Amino acid sequence: MLIVLVFLGFAPTYYLRPVSAGPIPPYLHVHGAAMTAWFLLLLVQTALIATRRRGLHQRLGIAGACVAAVIVVLNPLVVVWSVPNLMAGNGSTTLTALIVVADLLLVGIFAALAGLAIRWRRYPETHSRLLVLASLAVSGPALGRLSLNFAGTPLPGVIPLMTLPLLVMAHDGVVMKRVHPVSGWGATAIAGSTFISIAISNTAVGAAIVQWFS
C-alpha cells in the first residue's frame, strides 16, 4: 500500500510526467531513482525474510545502506532547491514553509531511523520496525503531494502520515501483546514532526526559512 501511495504522489511530476511538461533536472532523476530503489528494496527484502533467504537479504542490505545514504544527502538539497518553484506554484509563504519544514524534518527522522536500523541489524524485531518507520517518514513528501494533487493542500496528507505509524503500534499490540519501544518512539517522532511543521510554518521563522532558500 505504501508503494502505491508513493507512486500516486509522484506520478504527475515523475512516474507519469507528460512529455509536454518538459524534461526535469538530472538531480531529480537521481532523487527519483533513489526513492524508487528504496521502496522496491523494502518490498524485496520483506519477501526474502518471508521466504527465509537471509543470506541474500543481508547482501542486499549493503545496497539499501547505499541508497539510504544517497537519500539523506540529496533529499534536503531537493527540498531547498524546490522553494522557488513552490512559491511560484502556490504563492503562499505559509504553505511553502509547511512543505519545506515538514520535508526536512522527515528526512532527518529517516536518517536517524535508517542509521539505527543498520546499527541494530542483528536484532530482527528492532531492525524491521526501524526500516518500516523510516520508510513511512520518507513517504511524507509523497503523501503531501498526493494531497496537493487531489485537495490543493498538503494538510489532508497529514492523516495517513500520522495513521500509518499507529498501525505499526497496533500490529505490535495484536502480535506481541505489547508495543515495541521502537514503534512507540518512532511513531511519536513522525507525528511530532507534523505538529512542529505546522507550528513553525505559521510563524515568522517559517517565513524567514522560505525567504532564505528563495
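**Salt bridges, nonpolar cores and a buried loop residue**

Arg129 and Asp172 are both buried, a term used here for a relative accessible area under 20%, with exposed meaning over 50% and partly exposed in between (1.4 Å probe, protein chains only). The structure is a predicted model, in which local features need pLDDT of at least 70 and side-chain atom pairs count only at pLDDT 80 or more, while totals for chains, interfaces and linings use all residues. Residues are numbered from 1 along each chain as its sequence is written, and side-chain values use heavy atoms, with hydrogens and water left out.

Arg129 and Asp172 are joined by a salt bridge, with 2.8 Å between the closest N and O atoms. Because Arg129 belongs to helix 6 (residues 124-138) and Asp172 to helix 8 (residues 158-175), the pair ties together parts 43 residues apart in sequence. Helices are DSSP runs (H or I, at least four residues) numbered from the N terminus. With a salt bridge defined as a side-chain nitrogen of Lys or Arg within 4 Å of a carboxyl oxygen of Asp or Glu, the count is two. Arg145 and Asp103 also form a salt bridge through their side chains, at 3.2 Å from N to O. This pair links distant parts of the chain, 42 residues apart, with Arg145 in helix 7 (residues 140-151) and Asp103 in helix 5 (residues 93-119). Asp103 is buried at 8% relative accessible area, whereas Arg145, at 22% relative accessibility, counts as partly exposed.

In soluble globular proteins, nonpolar side chains tend to be buried together. A nonpolar core is taken as a set of buried Ala, Val, Leu, Ile, Met, Phe, Trp, Tyr and Cys residues joined through side-chain atoms within 4.5 Å. The largest such core contains 32 residues, and Trp38, Ile71, Phe110 and Ile190 have the most contacts inside it. Two or more residues of this core come from each of helix 1, helix 2, helix 3 (54-81), helix 5, helix 6, helix 7, helix 8 and helix 9 (181-201). Another core, of eight residues, lies apart from it and includes Val79, Leu95, Ala97 and Val100. Beyond its neighbours within four places in sequence, Ile71 is in contact with Ala34, Met35, Trp38, Pro76, Val107, Phe110 and Val138, contact meaning heavy atoms within 4.5 Å.

Ile24 is located in the loop between helix 1 (2-15) and helix 2 (26-50). Ile24 counts as buried because its relative accessibility is 15%. Thr13 and Ile24 are eleven residues apart in sequence, with a C-alpha to C-alpha distance of 9.0 Å.
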